[in-house]
Amino acid sequence: MNTSNKASKDIRAMQNGDKNRRTLIQIVVAVVLIALVAAIALFIVNKDSTSGEASPSANSTPGTQLTPTSLTENGAIRFGNPDATTVISVVEDFQCPACKNFESISGSTLQQVADAGNVAVDYRPISILDRFSNGTMYSTRAASAAICVAENDRDSWMDWHNAMFAEQPAENGTGLTDDKLVEIAASAGADSPATASCITDGSYTDWVTSQTQSVIGEGINGTPSVRVNGTDVSNPTPDNILAAAAAAGN
């Protein structure tokens with residue numbers, strides 16, 4: 001064999017070997033870099049998740065999230081005749097001053113109508129005013145507490161509901177603490193340990209968020225919102241609510 005040809009082949013073989021080694025080294029380096037980036041990202045996530053400065057949304061759902069079992073299909077707390085053909089639906093936010101005013105004017109009328117037995121009154125607590133509680137998610141926590149009371153101390157719900165509006169915090173404050181919500185519940189007769197732990201655990205905060213989106217999807221963008229059989233009562237005074245109920249058949 002020609003010596004020069006053999007040398008050329010040897011050189012090409014070495015070059016190919018060097019090329020293969022460089023490719024292998026590049027692949028190994030890339031894999032190591034990817035693994036290193038993933039490890040750093042995991043460390044950062046774990047560090048953030050154990051930080052004492054959790055975000056408000058994380059603080060709002062510390063406990064096991066539950067789905068209510070005692071509400072209507074559309075998430076309402078119903079009073080009066082459960083099979084009534086006339087339903088007055090009230091959507092409220094416990095941070096809403098207009099809702100407090102509405103209850104002071106029309107709340108007793110709603111209770112009387114429900115007690116009469118031929119009309120159903122549905123309360124649907126939602127949370128659209130969290131922005132007015134400086135990051136404490138008061139609207140969401142209060143609505144969650146409403147479900148806690150309905151699920152565990154239903155007979156005390158209306159007294160609790162009235163007490164919540166009587167204790168309504170000012171907008172742009174920090175809202176009421178969970179301990180205060182438990183205190184209000186207990187003073188209204190909703191004093192079971194199940195209600196207390198449900199409130200402090202925020203057991204229905206995720207459900208409230210979902211329910212709020214459902215209500216907004218129905219075209220309700222403000223509170224209070226009052227409807228009779230799905231038709232808005234634009235000025236929900238006692239007379240107008242009774243007139244709408246009468247027009248609906250009662």
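Leaving aside its neighbours within four places in sequence, which residues is Asp130 in contact with?

## Asp130 and its contacts

With those sequence neighbours left out, Asp130 is in contact (heavy atoms within 4.5 Å) with Met137, Tyr138, Ser139 and Thr140. The structure is a predicted model, in which local features need pLDDT of at least 70 and side-chain atom pairs count only at pLDDT 80 or more, while totals for chains, interfaces and linings use all residues. Residues are numbered from 1 along each chain as its sequence is written, and side-chain values use heavy atoms, with hydrogens and water left out.

Asp130 lies in the loop between strand E3 (120-125) and helix H4 (138-152); helices (H or I, at least four residues) and strands (E, at least two) are DSSP runs, numbered from the N terminus.

## Polar contacts of the side chain

The side chain of Asp130 makes a polar contact with the side chain of Thr140 at 2.5 Å, and the Asp130 side chain also reaches the backbone nitrogen of Tyr138 at 3.5 Å. A polar contact is a pair of N or O atoms within 3.5 Å; within protein, one must be able to donate a hydrogen and the other to accept it, and residues adjacent in sequence count only if both atoms are side-chain atoms.

## The sheet

Five strands form an open sheet with mixed pairing, in the order E1-E3-E2-E4-E5, where two strands pair if DSSP finds at least two bridges between them. Strand E1 (77-80) and strand E5 (231-232) are the edge strands, each pairing on one side only.
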